[in-house]
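Thanks for making time this morning.

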Amino acid sequence: MYMNSVWTETANMPHFETLEGEVKTDVLIIGGGITGLLCAYFLKEQGVDYLLAEGRSICSGVTKNTTAKISAQHGLIYGDLLKKAGEEKAKMYLDANQKAVEKYFALCKDMDCDFEERTNYVYSVSDRRKLEQEVLALKKIGFDALLQDTTELPFSTVGAVGFAHQAQFHPLKFLAKIAEGLNIYENTFVTKISENTALTEKARINFERVIFATHFPIDNKHGMYFLKMYQNRSYVIALENAFPIKNMYVDEDTKGLSFRGYENLLLLGGGSHRTGKQGGNWQELRDYAGKYYPRAKERYYWATQDCMPLDNVPYIGVYAKSMPQCLVATGYHKWGMTTAMAAAMLLTDKIMGKENPYEAVFCPSRSIWKPQLFVNGGETIINLLTPTTKRCPHLGCALKWNKAEHSWDCPCHGSRFAEDGGLIDNPANGDWKRGCNGN
C-alpha cells in the first residue's frame with residue numbers, strides 16, 4: 001500500500017533547472033501545477049515571452065492528488081447559480097466549463113494519457129427533488145441533462161443527474177507532455193513580489209505582467225483572498241477487486257462519496273473537512289469500503305486540498321483593482337481539472353488583450369457579502385486569539401495537529417506544515433519554525 005496517489009506512482013515527470021541571476025520576461029507565471037502549465041502552454045502557442053517559476057518540482061502540490069474528473073458538472077451548482085447570479089451568468093459558467101471539456105478532448109486526442117470519455121453523475125441518496133430542480137435549471141440555460149437511476153453504485157439512491165460527453169484521464173501523464181519544451185524553472189521559490197519584480201533565493205525576475213497560479217494566492221496585501229476563501233481536505237483510497245465503475249459519480253451532499261475507475265482500480269473519495277478541523281479522513285472511506293467492497297484490497301491512499309470560494313464560483317481574472325498587471329486563478333471548489341483549463345484560456349485571452357466572454361462570472365472583484373464571509377472571519381478571530389506557541393507565519397493563526405496526516409494545519413486559511421515545521425501547503429510562504437512571513 002502506497003501513501004501516494006496512483007498518478008504519482010505511475011508517471012515520469014520531466015525536470016528543469018533552477019533559475020539563477022537576473023532575467024526579464026513579459027509574463028511571469030508563479031506556480032507549476034496544472035493551471036500554471038496550461039497558461040505557459042497557451043502563451044507559448046501565442047508567441048508570448050513568458051517564464052514559469054515553480055518553488056519545488058512541477059505538479060508536486062495539489063495537482064498530483066486530484067481524482068482527475070473532467071466535467072462541467074460541479075455538484076448541483078446550476079440551480080444555485082440561476083437563483084443567486086441569474087440566467088446569464090449561470091450560462092456563462094456552464095459554457096466556460098463545457099469549452100474547457102472540449103479543449104481536453106482536442107488536446108488529448110493523440111496523447112497517451114489514459115483519456116476516456118465518460119458520463120458524470122451527481123447522485124442523491126435521499127432528495128430526488130434537488131435533482132429535479134437541477135434538471136429544470138439546466139434546461140432553462142439550454143442544457144439537456146439526464147435524470148435517471150443509478151446501477152453502478154453499491155447502494156441505493158433516489159436518482160442522479162448526468163452530463164454525457166465528459167471525461168477522465170491520468171493528469172500527470174497529460175501534464176508531462178504539456179510541459180515538454182516550456183520555459184520552466186524548478187526549485188525557484190518566489191519569496192517576495194514588488195510592482196514589477198519577483199525575488200527568489202538565487203534570482204531576480206523583472207516582468208511586465210504576472211499570473212499567480214499558486215493554488216492559494218501568496219499576496220496578502222490585495223484582493224482579500226484570506227477572507228474570500230478557506231481550504232478543505234478530502235481523501236481518496238484506490239481499491240483492487242472492487243466492483244468496477246465505468247462512469248464518474250459524486251454525491252450532492254458534500255459529506256458523501258465520489259467514485260471513478262482507473263484501469264483495475266476503484267477510486268473512492270470522501271471524508272472531507274475544513275483544513276485544521278477534524279473529519280472522517282481515510283478511516284471513513286475504509287469503513288465504507290469494508291461495508292460495500294469487503295473483498296477489495298487497498299493499493300493507494302492520498303489526500304488533497306481545495307480552495308473554497310464564498311459563492312462556489314472560482315476567482316479568475318485581475319488579482320485586484322489596485323493590481324491591474326497581476327492575474328490570478330484560485331478558488332476551484334474541488335473541480336480543478338476543468339476549471340484550470342477554463343482559467344488558462346481566460347487568462348491567455350487577458351494577456352493577449354482579447355475579450356473573453358466568461359470574464360464576468362469569474363471576476364475576482366465581485367461582491368464578497370456572502371454568508372461564508374462571516375464564517376471565515378469568525379474562524380480567523382477565534383484562531384488568532386487561541387493561545388499556542390505554534391503559529392502560522394501567514395497571518396499568525398494557531399496551528400492544529402492533524403493526527404491522521406501528522407501535520408500542523410491552519411484552520412484559518414489552510415496552510416500546512418510537516419512535523420519539523422517545513423511548509424507543505426500555502427498560502428504561508430515559508431516554514432513556521434523560521435518565522436517567515438507571507439508576501
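The largest share of the lining of the second largest pocket comes from H9, which supplies six residues; helices here are DSSP runs (H or I, at least four residues), numbered from the N terminus. Please keep in mind that this is a predicted model, in which local features need pLDDT of at least 70, side-chain atom pairs count only at pLDDT 80 or more, and totals for chains, interfaces and linings use all residues. Residues are numbered from 1 along each chain as its sequence is written, and side-chain values use heavy atoms, with hydrogens and water left out.

Helix H2 (34-45), helix H4 (87-108) and helix H9 (336-352) each give at least two residues to that lining. In total 17 residues line the pocket, and Met345, Leu346, Thr348, Asp349 and Asn356 lie nearest its centre. A pocket, on a 1 Å grid over the protein atoms alone, is an open set of points where a 1.4 Å probe fits, with protein on both sides within 12 Å along at least five of seven lines, and lining residues have an atom within 4 Å of a point. The space in this pocket is about 270 Å³, a volume being the space filled by probe spheres set on the points. By class, the lining has nine nonpolar, three polar and five charged residues, where Ala, Val, Leu, Ile, Met, Phe, Trp, Tyr, Cys and Pro count as nonpolar, Asp, Glu, Lys and Arg as charged, and the others, Gly among them, as polar.

How do H2 and H9 cross, left-handed or right-handed? H2 passes H9 in a right-handed crossing, meaning that the near helix is turned clockwise from the far one by less than a right angle. Their axes come within 8 Å and cross at roughly 40 degrees, the axes being lines fitted to C-alpha atoms over the stretch in contact, with angles from 0 to 180 degrees between N-to-C directions. That makes H2 oblique to H9, oblique being whatever is left once angles under 35 degrees count as roughly parallel, over 145 as roughly antiparallel and 65 to 115 as roughly perpendicular. Among the residues in contact (heavy atoms within 4.5 Å), Leu38 and Phe42 are in H2, and Ala344 and Met345 are in H9.

Turning to H3, the axes of helix H3 (residues 77-84) and helix H5 (residues 128-140) come within 7 Å and cross at roughly 60 degrees, and that makes H3 oblique to H5. The contact is made by Ile77, Tyr78, Gly79 and Leu82 of H3 with Glu134, Ala137, Leu138 and Lys140 of H5.
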